[in-house]
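Q: I'm new to reading protein models, so please keep it friendly. I'd like a close look at one part, with a bit of context around it.
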Amino acid sequence: MHCDKSQKAKLVWVLAFLFDFFLLSGRIAPYMLVIRFQRIGRKNDPAFRAVVTDSKNAAKSGKFLEVVGNYNPKSGNTAFNNDRVHHWMKQGAKVSDTLHNFLVKQKIIEGKMINVLSKKTPTKKKKELKAA
């Protein structure tokens, strides 16, 4: 199809308009969703809620789509909405490594545990340090 410049400009404008329309209507996911812990509670009294949020949002920003569970490490209380966790995972939401391990331990999802510790270089023995 051969178009002149004005037709191309109109076509680009229409496509941009349609993309914005579908983006704002929620038919296109504009971001990568992640399910992760958000710390709540007072100082020295931690509690966590599991939230579905955009991966670019800061953990403490308060911007999230839905709360799917909570966890209190001091009392050991946990409450997760299993159906909603599975729903968001089917929608393409990724689960953070820590929450993934927690959900595997609670038998909410199946899978292997993920190493969340940093990959540090192995420590050298004192003899090796003195020799160097």
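Among contacts in the protein chain between residues at least 6 apart in sequence, what percentage joins residues at least 24 apart? After that, please zoom in on strands β2, β3 and β4 and how they pair.

A: The answer is 30%: that is the part of the contacts between residues at least 6 apart that joins residues at least 24 apart. A contact here means heavy atoms within 4.5 Å. Keep in mind that this is a predicted model, where local features need pLDDT of at least 70 and side-chain atom pairs count only at pLDDT 80 or more, while totals for chains, interfaces and linings use all residues. Residues are numbered from 1 along each chain as its sequence is written, and side-chain values use heavy atoms, leaving out hydrogens and water.

Let's get our bearings. The protein chain has four helices and five strands, and from the N terminus they run α-β-β-β-β-α-β-α-α. These elements are DSSP runs numbered from the N terminus: helices are H or I with at least four residues, strands are E with at least two.

Now for the part you picked. β2 covers residues 45-54 and β3 covers residues 66-72, and the two pair in the antiparallel sense over five bridges. (Strands pair if DSSP finds at least two bridges between them.) Look for V52, whose bridge partner in β3 is E66.

Follow β3 along and you meet another pairing: with β4, residues 77-80, β3 is antiparallel too, over four bridges. Here N72 has N77 in β4 as its bridge partner.

Step back to the way into β2, and you'll find N44 in the loop between β1 (33-42) and β2. N44 has a positive phi as well, near 60°, even though N44 isn't a glycine. Is N44 buried or exposed? N44 counts as exposed because its relative accessibility is 62%, and the cut-offs are under 20% for buried, over 50% for exposed and partly exposed in between (1.4 Å probe, protein chains only).

Across the protein chain, buried residues make up 23% of the 132 residues.
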